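Dear colleague,

Please find the structure below, handed over for your records. The findings follow directly after it.

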Amino acid sequence: MESIASAPGKIILFGEHAVVYNQPAIAAAVDKRATISIKKSQNKFTTLKSYDLDFEARLNTKDKTYELVTGKPGIIRYILEVLYQVHDHSPIDILLSMDFPVGSGLGSSAAVTVATLAALYGFHNKKFSKKTLARNAHFIEKKVQGVASPLDTSISTYAGLIYLGRDKKISRFNIDFKSTFIIGYTSRKRSTSKVVNQVSRLKDRNPDIINLVMETIGSVTEEAKLAILRDDKTKIGELMNINQGLLDSIGINSVELSKMIYRARKYGALGSKITGAGGGGSMIAYCPNRFGEVYHSLKKYDNAIKANVSDEGVALKIRA
Ligand code: MEV
């Protein structure tokens, strides 16, 4: 028997970082997924392999350690934590496939966590609801990162375009937001927890100012929610640019991201900003009528992919 689960990556349109301080955020799942397959192993140990990420490891699920066979596993801590929490420690073979880069602000850790949890529930024939899955995946992310809002794990579970309110309630926009975004990502990987902690220290040194910045990002997100509901594309873009200015002010931009952000605007994006934690990672460009031009202009500079908003949340398949 093989249990196969997949979950989408995400882009944050509005509100990253501020969401950690209970401000609202808007995020969308994209048509790029993480897939985990789990089978009973013929070996006496558990293996984890990824051809896409070019690594192989032997896992000790009881004490969350591993031995590398080849490559460098960026994402392994999340998988080990899920196995530790949910698995009975019998030997299994895990295969991880990724169709988007890890450590780039596109929600790879949340997508891998959600997919691993769902695949393990399937493997153990355990029924689950999306609500339980999202809650447990958030618990795992927090355990590994130290700090995490429920945004990434919720979007990887439910997909679509979602709004996370100040009360931590998730609501899906009931509109057909079928936009294509261009994602530009730098080759510089960074850890979400490090960037989140860096912002927290900045806030400790300048509490009055940074609290105001976070509240202002919250106001931008509230206005963006209304602009999305009335499909006001120009306003959505303008608010993304304002959000970018505020993200820049909390020190999470980089020269490479900044160049891509301005390049995208020059080639016709209505709005462009960092997406996710920043400090390296990715930017998004909102360019409903000009995505060809923006895509090619970013591709010439660094890595770029086209991503469509996706309604396909976590999915589980059992093969006999
Ligand atoms: C990371 O994708 C988004 C952050 O707001 C952190 C979080 O929400 O946990 C930077």
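K64 is located in the loop between β4 (55-60) and β5 (65-70), where helices (H or I, at least four residues) and strands (E, at least two) are DSSP runs numbered from the N terminus. The model is a predicted one, in which local features need pLDDT of at least 70, side-chain atom pairs count only at pLDDT 80 or more, and totals for chains, interfaces and linings use all residues. Residues are numbered from 1 along each chain as its sequence is written, and side-chain values use heavy atoms, with hydrogens and water left out.

Backbone. Although K64 is not a glycine, its phi is positive, at about 60 degrees. K64 counts as partly exposed because its relative accessibility is 30%; buried means under 20% relative accessible area, exposed over 50%, and partly exposed in between (1.4 Å probe, protein chains only). A159, also not a glycine, has a positive phi of about 65 degrees. A159 sits in the loop between α4 (151-158) and β7 (161-164), and it counts as buried because its relative accessibility is 0%. Most residues other than glycine have a negative phi.

Ligand site. The residues surrounding the ligand include K10, E16, H17, S149, D152 and G276, each with a heavy atom within 4 Å of it. A polar side-chain atom of S149 lies 2.6 Å from a ligand oxygen atom, an N or O atom in the side chain of D152 is 2.8 Å from a ligand oxygen, and for K10 the corresponding distance is 3.1 Å. Taken alone, the ligand exposes 300 Å², of which the protein buries 98%; accessible areas come from the Shrake-Rupley method with a 1.4 Å probe, and for residues only the protein chains shown count as cover.

A buried lysine. K273 belongs to strand β10 (residues 271-275). K273 is buried, since its relative accessible area is 0%. Its side chain reaches the backbone oxygen of L13 at 3.2 Å. Not counting residues up to four places away in sequence, K273 touches, among others, I12, L13, F14, E16, N243 and M283, contact meaning heavy atoms within 4.5 Å.

Yours sincerely

Technical notes:
Polar contact = N/O pair within 3.5 Å; in protein donor to acceptor, adjacent residues only side chain to side chain.
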